[in-house]
Amino acid sequence: MFRNRYCIANWKMNYSISQAKKFFSDWKNKELNNSHIKTIFCPSFTELFIISEMLKTSSSELGAQNVFYDSYGAFTGEISCNMLKEVGCEWVIIGHSERRHIMCENN
């Protein structure tokens with residue numbers, strides 16, 4: 001029995017919406033058929049909705065690059081689990097080393 005493996009693509013702050021659309025157009029034309037590898041795309045927040053739509057006909061899944069621990073409130077620039085779920089995210093990456101180093105975040 002094979003264990004699932006994951007390929008998680010953290011786009012960081014690298015693609016705009018038009019670049020993301022081009023990437024997925026190219027991605028769909030690739031011969032990538034391995035049922036034991038799940039691909040999870042984690043675009044910037046501005047691309048979440050469009051990537052969610054593009055992944056509806058794909059076996060790949062959507063993730064976010066970060067999440068805030070509270071469900072709602074006056075937290076400018078943050079995003080909650082409920083907001084991410086509504087756009088179609090099933091995954092989230094947390095604990096980034098650059099956020100700890102550059103933005104002085106901690107546990």
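**Salt bridges in a predicted model**

Reader: Which residue forms a salt bridge with Glu61?
Author: Lys38 does, with the closest N and O atoms 3.1 Å apart. A salt bridge here is a side-chain nitrogen of Lys or Arg within 4 Å of a carboxyl oxygen of Asp or Glu.

Reader: Where do Lys38 and Glu61 sit?
Author: Lys38 is in strand S2 (residues 37-42) and Glu61 in strand S3 (residues 61-64). They are 23 residues apart and link distant parts of the chain. Strands are DSSP runs of E, at least two residues, and helices are runs of H or I, at least four, numbered from the N terminus.

Reader: Is Glu61 buried or exposed?
Author: Buried, at 16% relative accessibility. Lys38 is partly exposed, at 23%. Buried means under 20% relative accessible area, exposed over 50%, partly exposed in between (1.4 Å probe, protein chains only).

Reader: What is the model's source?
Author: This is a predicted model: local features need pLDDT of at least 70, side-chain atom pairs pLDDT 80 or more, while totals for chains, interfaces and linings use all residues. Residues are numbered from 1 along each chain as its sequence is written, and side-chain values use heavy atoms, leaving out hydrogens and water.

Reader: How many salt bridges does the structure hold?
Author: Three. One of them joins Asp26 and Lys22 at 2.8 Å, N to O. Both lie in helix H1 (residues 17-28), four residues apart, about one turn. Another pairs Glu53 with Lys56 at 3.1 Å.

Reader: What about the fold, which order do the elements run in?
Author: β-α-β-α-β-α-β-α from the N terminus. That comes to four helices and four strands.
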